[in-house]
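Have it open beside you as you read.

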Amino acid sequence: MKLTIHQLGVHFPQPDGSEAPVLDGIDLAIPAGELVVLLGASGCGKSTLLNAIAGFLPPTEGEIWVEQRRVSGPGIDRGVVLQTDALFPWLNARDNVAFGLRLRSIPLQERHNRAEEALALVGLAGKGDHATWQLSGGQRQRVSLARALIADPDILLMDEPLGALDAMTREQMQDLVLEVWQRTGKTILFVTHGLDEALYLGTRLVVLAGKPGRIVHDEPLAFGRHALEIGSKVKSLPAFAAARERLRAVIFAGAPT
Ligand SMILES: Nc1ncnc2c1ncn2[C@@H]1O[C@H](COP(=O)(O)OP(=O)(O)OP(=O)(O)O)[C@@H](O)[C@H]1O
């Protein structure tokens with residue numbers, strides 16, 4: 001589903017009664033099926049942008065559209081995965097995944113079946129009965145991803161979902177994100193601090209910088225599609241290293257290009 005952001009601005013009220021602009025003049029059109037990575041220095045407003053798209057935060061200015069529907073709050077067309085998994089410790093993996101369906105009064109057997117399907121999609125087939133404490137950090141994030149996928153949202157919003165994982169698990173999870181993206185065709189907006197991660201995953205890189213945050217760079221990427229064929233060897237390609245060096249300069253300069 002196409003996501004369109006038009007002249008988005010977000011201001012936060014300050015203790016002295018003034019308003020601090022955090023995002024300004026954000027224009028972004030994301031066609032269906034893209035995997036857009038959003039990169040930028042800490043505090044430039046990446047999470048704020050994601051929260052506004054999720055409908056958790058009303059924009060001060062501008063509009064957000066999913067196809068022809070204007071975003072005015074959270075909706076099942078947008079699934080969210082955050083850095084901390086926020087699983088319910090009193091529920092097993094399957095019931096954590098199925099929780100949203102329970103709220104929508106979907107019958108037990110259907111909830112169960114759909115949760116098992118979602119768990120299989122993230123590589124956790126047969127782990128539905130596991131308690132959350134039996135799961136590793138990577139498995140917990142897989143459950144979070146399954147929980148976001150179970151409602152079959154058109155758009156997945158992922159805010160540093162791999163940020164708390166160790167390096168090896170993080171690499172495995174990057175491959176999982178690519179696999180899920182390929183298998184489901186979802187439109188994904190993926191926030192990260194990691195330039196290598198951004199290059200490895202994205203079909204497009206959007207860089208946010210400044211205070212208030214603005215889009216200072218936007219370019220298509222091809223490594224993610226290539227990684228689906230040759231895996232992490234993509235990271236050893238000279239073109240990958242060259243892109244990393246060029247984009248590092250763009251990001252550190254924080255300057256419009
Ligand atoms: N609810 C809030 N009220 C006031 N200011 C806020 C609020 N939420 C975020 N901010 C401020 O808005 C700015 C952007 O925060 P945001 O979390 O969106 O940045 P970020 O790019 O995601 O940072 P990081 O990479 O560190 O997660 C920061 O200066 C932050 O302190």
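This is a predicted model: local features need pLDDT of at least 70, side-chain atom pairs count only at pLDDT 80 or more; totals for chains, interfaces and linings use all residues.

1. Around the ligand sit Phe12, Val22, Gly40, Ser42, Gly43, Cys44, Gly45, Lys46, Ser47 and Thr48. Sorted by class, this shell holds three nonpolar, six polar and one charged residues.

2. Which helix gives the most to the shell around the ligand? Helix H1, spanning residues 46-54, does, with three residues.

3. Next, turn to a pair of helices. Helix H2 (residues 93-103) packs with helix H4 (residues 137-149) at an angle of about 30°, and their axes are 7 Å apart. Because angles under 35 degrees count as roughly parallel, H2 is roughly parallel to H4. The crossing of H2 and H4 is right-handed.

4. Which residues of H2 and H4 make the contact? From H2 come Ala93, Asn96, Val97, Phe99 and Gly100, while H4 brings Val143, Ala146 and Arg147. By class, five residues in this contact of H2 with H4 are nonpolar, two are polar and one is charged.

5. Finally, a look at the annotation. In an unreviewed entry, UniProt places the feature "domain: ABC transporter" at residues 5-235. Over residues 5-235 the chain is 35% helix and 27% strand. The end C-alpha atoms of residues 5-235 are 32 Å apart.

Conventions
Residues are numbered from 1 along each chain as its sequence is written. Axes are lines fitted to C-alpha atoms, for helices over the stretch in contact, and angles run from 0 to 180 degrees between N-to-C directions. Helices (H or I, at least four residues) and strands (E, at least two) are DSSP runs, numbered from the N terminus. Angles under 35 degrees count as roughly parallel, over 145 as roughly antiparallel, 65 to 115 as roughly perpendicular and the rest as oblique. A crossing is left-handed if the near helix is turned anticlockwise from the far one by less than a right angle, and right-handed if clockwise. Two residues are in contact if their C-beta atoms, placed from the backbone, lie within 7 Å. Ala, Val, Leu, Ile, Met, Phe, Trp, Tyr, Cys and Pro count as nonpolar, Asp, Glu, Lys and Arg as charged, and the others, Gly among them, as polar. A residue is near a molecule or strand if its C-beta atom, placed from the backbone, lies within 6 Å of it. UniProt positions are given in the numbering used here, feature names are shortened, and annotations may be inferred rather than shown by experiment.
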